[in-house]
Amino acid sequence: MRIELHPRQSQAFASPATELLYGGAAGGGKSFLLRVSAIRWCLAVPGCQAYLFRRTHPDLRANHLQGPGSLMELLGPLLAGGRARWSERRGAFAFEGGSVLKLAHLQNDGDLIKYQGAEIHVLLIDELTHFTEGQYRFLRSRVRLGGLKVPEALAGRLPRIECATNPGSVGHAWVKRAWVTPRPPGDLWRAPAAEGGMRRQYLPARVADNPTLLAADPDYLARLSGLGSPALVRALRDGDWDIAAGQALELFSRERHVIEPFAVPARWTRFRSLDWGSSKPFSVGWWAVADGTQGGLPAGALVRYREWYGWDGRPDQGLRLTSDQVAEGIREREQPGERIAFSVADPAMFSRSDGPSPAERMAAKGVLLKRADNDRRAGYQEVRSRLTGVDGAPMLYVFSTCADGFLRTLPDLVLDAHDPEDVAKGGQEDHAYDETRYACMSRPFAAGAPAPADGGGDRWGRAFDNPVEHGWRVA
Ligand SMILES: Nc1ncnc2c1ncn2[C@@H]1O[C@H](COP(=O)(O)OP(=O)(O)OP(=O)(O)O)[C@@H](O)[C@H]1O
Ligand SMILES: [Mg+2]
């Protein structure tokens, strides 16, 4: 078996890093390098357990198992000679020396847990920005040497992680923070102990580094340039990580929008917004409408003065509480006599699968919900126009105490790669954002038009007009 790597790929192949990120631009030969590397470790270290991940199952097969340059082709001679075997059932190649290359994905929510007991010697992740930081950290925690005997010539190089990616997907922010920003490309440094303490390195790859692709498809660059959004073109063609295209709420800034808590005047209208979750976090926001008399906040501005973020302290992991428990928890967090004008909630809370809907259950506990307007694009616009505000003054503020949900998760959200007018759906921790969007949609704000100073009674009134839909039936 003879495989030739291009110079940039060879550099990555020989890298002494144990937590490597290879990539940047599209087409730079990233996926190919991961496949070759996986095969190398399996052949060089008998008993090696290598895992090659992609986020979804179809991508995994299409990219790595089928077509020219795929594992099937690269391993063809070994498979034909009986020195390696493919098991469809296991989704793995077994090598004669006892090594295994497992093809893995996290297509479904529960998939991560399958790797709980895994001992991973070589972790290879393709399109790393399709993964959340939580997923990556979990997989990294499975990387260990165990009893594996590493040949002397390769001492210190295992266990290891090799990742490849383009910028710009849901994991853009955390990947950039971990590999790209801290040091110049090519530098080798030790990651902080809290982040695993491995030897990190970022090696950029550009399309020009992959002569195979350009020879086979000379129009590739032109097609990339025709993508539309200039930022997306820069990200994919040049591997530019400083793109705003990734960030959905780049308008948010800690200086402008975060304020220290103060006692919210009793006369300000207050309401809640809810996003439901059980294995994923739920998020409850408490909002007050400023009346223009306090702390320099413009009349009509929304102030997020409290939140309850239902996570267990690990990214995107929920508390698995029942709707009754959440309703009770909401009431416990409120002051005696605190008057809440209305609550807008995730429309999914109104669907019944078996017995009363979560909204009906919460109504029975005294938390009356109305169905939020779930128009995603309009909601994104509402949130953005409130962050922009009028004459330099935002129309949305957040108490610095809302740290677990809003302040931790909103700044990192990225746009939908296919829809620049919406935040990417799924794959990122968007629960506090969703409920913020519901809150903003319940009090639409158009820059230039005075915001209503009352409690938005019209929309609130609908909860009374349609009691069944809004969960009053059991109240
Ligand atoms: N050293 C090589 N020898 C032969 N073919 C190669 C080599 N490197 C890459 N290729 C081929 O070039 C094409 C593009 O490479 P690859 O899929 O690895 O790029 P990529 O950076 O992962 O692209 P994308 O950004 O689209 O995921 C593939 O068909 C691959 O098989
Ligand atoms: Mg690829």
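Me: Before we start, what are the ground rules on numbering and confidence?
Reply: Residues count from 1 along each chain as its sequence is written, and local features need pLDDT of at least 70 in this predicted model. Side-chain atom pairs count only at pLDDT 80 or more, and side-chain values use heavy atoms, leaving out hydrogens and water.

Me: How do you know that β3 and β4 pair?
Reply: Strands are DSSP runs of E with at least two residues, numbered from the N terminus, and two of them pair if DSSP finds at least two bridges between them. β3 (residues 84–87) and β4 (residues 92–95) have four bridges, antiparallel, so they pass. A84 has F95 as its bridge partner, and in the hairpin G91 takes a positive phi near 65°.

Me: What makes β4 and β5 a pair?
Reply: Three antiparallel bridges link β4 to β5 (residues 100–105). A94 sits opposite V100 there, and G98 in that hairpin has a positive phi near 95°.

Me: Why are β10 and β15 called edges?
Reply: The open, mixed sheet runs β10-β16-β13-β12-β11-β14-β15. β10 (258–259) and β15 (370–371) each have a single partner strand, so one side of each lacks a neighbour in the sheet.

Me: How do you know that helix α16 packs on the sheet?
Reply: Contact means heavy atoms within 4.5 Å, and α16 (residues 431–442) touches β11, β12, β13, β14 and β16. Helices here are DSSP runs of H or I with at least four residues.

Terms used. Chains are lettered from A and ligands numbered from 1 in the order in which they are written. Axes are lines fitted to C-alpha atoms, for helices over the stretch in contact, and angles run from 0 to 180 degrees between N-to-C directions.
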